[in-house]
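The tour goes from one selection to the next and says what is found at each.

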Number of protein chains: 2
Amino acid sequence: MSGVWKNRISRLMDLIQENELSAVLICSKANIFYFTGYRGPGYLLVPLNGEPKLYVYPLDFEAAKTYVRGGIEVEELSMTARVENVIEGLPEEVKSRLGFDSLNAEDYLRLSALLSHESLKPASEIVWKLRMIKDRSEIENIERACDIASKAMDLASEMLEDGVMESEVKAEVLEEMFKLGADGAAFDIIVASGSRSSMPHGAPGSRVMREGDVVVVDLGAVFEGYCSDMTRTFYIGENPPEEVLKIYEMVLEAKNLAEESVKPWTLSSALYDKVYDRLAAMGYADRFIHGLGHGVGIEIHEPPKISKIGKEMIQENMVITIEPGIYLPGKFGVRLEDTLLVEKDGVRKLTSAPYTLTPY
Amino acid sequence: MSGVWKNRISRLMDLIQENELSAVLICSKANIFYFTGYRGPGYLLVPLNGEPKLYVYPLDFEAAKTYVRGGIEVEELSMTARVENVIEGLPEEVKSRLGFDSLNAEDYLRLSALLSHESLKPASEIVWKLRMIKDRSEIENIERACDIASKAMDLASEMLEDGVMESEVKAEVLEEMFKLGADGAAFDIIVASGSRSSMPHGAPGSRVMREGDVVVVDLGAVFEGYCSDMTRTFYIGENPPEEVLKIYEMVLEAKNLAEESVKPWTLSSALYDKVYDRLAAMGYADRFIHGLGHGVGIEIHEPPKISKIGKEMIQENMVITIEPGIYLPGKFGVRLEDTLLVEKDGVRKLTSAPYTLTPY
């Protein structure tokens, strides 16, 4: 297993060299986890020449030493240290062209005052180049996270009936995820009923579901640090109105079209355009108000962004979502989503649940 | 109620003038919620001369129009817009000295290319000046969030026994919070048992609790967008070892000392120093490895930071936590925490639960 971590660091070093950097300073928790196995805040410095070192605050020192992999050295910062304190004592050759993955503007300004504007280079894309393509152990964890999400969706579906609170479903779903071995939920579970279903991000508070409601359920689990993401839309009651049936069929058709079109070397914006054009032809161009999908891994939203401006090529061993939706303000919304693994000739669906308006 | 929102915006405008800015661009979700009542992503532009305007993506347009308060105008961005597209068309007088609350380095660099380095000013402290002091409606929401957390702690305490999984407690606690009307949990609930209790942030995964375990439970609820935060430490079994008893008493004494010392016009670092010195005198200086506390409000961690480098004066109507802890690596940790309202002559505790090692 130690080979996985060493391999990731060594591929990062290749990219550091290719991009003519002297080192990369990794500040995002997700990136630190990817390269070290430790899930917490800190700074990971990976120099072109020399050994990587993880810097953490006293508060996290024991956890870092316990969970770090690949033999990476851990150094304890003082409680009052800031990012510039990690950098200031380093030899000139390490900080002469320093890449960074993510900094806020204020940290950036202090660091660039220390280093000169020219020696500080945005380098998050280098790390994404690695993280976008999942290795075997990552795919296994995502598969487990997807299995858990699928079972949690079964439970959510069972619970949908007149008189139940949205929040009751959320609580039961989280409990089920824990029971199935999840670290937790990948994001705040969305159970959006009635006209609240027309807001893609859901709405604050909770509501009692009623017969005649459309209900959007969007959930994901985390397993060993890796996420899954899926959405189903249901109707509470016997006879869904024509309009609901029609929109549901359109969204499902758009989703099938997208999934059939995913192949290695497809441009992500071309995928989006295909679905957009189909929905536009049906008269709903302006009601498809978000991207078509996104990468999934350590974070719930990762590159590639599958949208109008998506610049990435789809590649084998990417894990992505496809999630078209149509939203009629004040009335209802329909979204369907699965997590998919890109294989040589197409996709393998990792989440599973029926596509039926009636809770199953 | 509309007066609350107008008042917040008008106080921000006063600060814009005082700081000789032409406008402030608010990008943080929490700040947008504070000024508009809408809980979602977007950009809020508040010019010195003119009306504030909220810019959101198509995805969030309906939610923004539904939840925005104070009569603020909402404008729909294109799906592919970035922060610079909000700014580029504005008149020179609005963007000549533009404050911003939070930007990542890449957005900052693109904006400053558009505006010139001199016209872009970090201004998050202006907003914190307002948010640090809670108004009546905020205090009422935090009180409700604290009541919910206290009841959730009662439930957690009841559940602690040999054979129970940490994750079972987390799931039940969240369900209880929802039942009591919470929007959800304020952060990932920590139930850290055995030697895992010596890691202040907890540890990944879940563990079956056993007799003889020390268990740290750290939880908080969100009510109407406002957070609470509290921690208790328990021992599973009849006779806690001497060392556990001793550390528990020391942490409790440190906490009482801190709470008695909180008064308006106390410097936050002086509070930290007082507790640090007491624990140092007892021989545990190096085992108190985090700050003493923090502000609580829309976010779970807000200014003032009550630490060695805390520069804020404590003020009436701040809401803060006090949370000393001692951690013995590989053995156990003890932390005790409450959420407190600062009043004229001292503090009022908003969270409540017994201070007892034995689950109650």
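Where is the place of A:Ser228 in chain A? Select A:Ser228: this residue sits in the loop between β11 (226-227) and β12 (230-235) of chain A. Keep in mind throughout that the model is predicted.

**Stop 1: A:Ser228**

Is A:Ser228 buried or exposed? A:Ser228 has a relative accessible area of 0% and is therefore buried, since buried means under 20%. Now show the side chain of A:Ser228, which reaches the backbone oxygen of A:Ala145 at 2.8 Å. Leaving aside neighbours within four places in sequence, the residues in contact with A:Ser228 include A:Ala145, A:Cys146 and A:Ala149. Also among them are A:Phe187, A:Leu219, A:Val296, A:Ile300 and A:Thr339.

**Stop 2: helices α8 and α9 of chain A**

Select residues 136-159 of chain A, which form helix α8, and residues 166-179 of chain A, which form helix α9. The axes of these two helices come within 9 Å and cross at roughly 145 degrees. The crossing of α8(A) and α9(A) is right-handed. To see the contact, colour A:Ile148, A:Ala152, A:Leu155, A:Ala156 and A:Met159 on α8(A).

**Stop 3: helix α9 of both chains**

**Stop 4: helix α6 of both chains**

Next, select residues 105-115 in chain A and in chain B, helix α6 in each. The two helices pack with their axes 8 Å apart, at an angle of about 75 degrees. That angle falls within 65 to 115, so α6(A) and α6(B) are roughly perpendicular to each other. The contact is made by A:Ala105, A:Tyr108 and A:Leu109 of α6(A), and by B:Ala105, B:Tyr108 and B:Leu109 of α6(B). Its residues divide into six nonpolar, no polar and no charged.

**Stop 5: B:Ser198**

Go to B:Ser198, in the loop between β8 (190-193) and β9 (214-219) of chain B. B:Ser198 is buried, with a relative accessible area of 2%. Which side chain does the side chain of B:Ser198 make a polar contact with? The partner is the side chain of A:Glu62, at 2.6 Å. The side chain of B:Ser198 also reaches the backbone oxygen of B:Ser195 at 2.8 Å.

**Stop 6: two partly exposed residues**

Select A:Lys65 in helix α3 (residues 58-67) of chain A. A:Lys65 counts as partly exposed, at 48% relative accessibility. Finish at A:Asp273 in helix α11 (residues 268-281) of chain A. A:Asp273 is also partly exposed, with a relative accessible area of 33%. From A:Asp273 to A:Leu292, 19 residues apart in sequence, the C-alpha to C-alpha distance is 9.2 Å.

Terms used
Residues are numbered from 1 along each chain as its sequence is written. Chains are lettered from A and ligands numbered from 1 in the order in which they are written. This is a predicted model: local features need pLDDT of at least 70, side-chain atom pairs count only at pLDDT 80 or more; totals for chains, interfaces and linings use all residues. Side-chain values use heavy atoms; hydrogens and water are left out. Axes are lines fitted to C-alpha atoms, for helices over the stretch in contact, and angles run from 0 to 180 degrees between N-to-C directions. Helices (H or I, at least four residues) and strands (E, at least two) are DSSP runs, numbered from the N terminus. A crossing is left-handed if the near helix is turned anticlockwise from the far one by less than a right angle, and right-handed if clockwise. Contact means heavy atoms within 4.5 Å. Angles under 35 degrees count as roughly parallel, over 145 as roughly antiparallel, 65 to 115 as roughly perpendicular and the rest as oblique. Ala, Val, Leu, Ile, Met, Phe, Trp, Tyr, Cys and Pro count as nonpolar, Asp, Glu, Lys and Arg as charged, and the others, Gly among them, as polar. Buried means under 20% relative accessible area, exposed over 50%, partly exposed in between (1.4 Å probe, protein chains only). A polar contact is a pair of N or O atoms within 3.5 Å; within protein, one must be able to donate a hydrogen and the other to accept it, and residues adjacent in sequence count only if both atoms are side-chain atoms.
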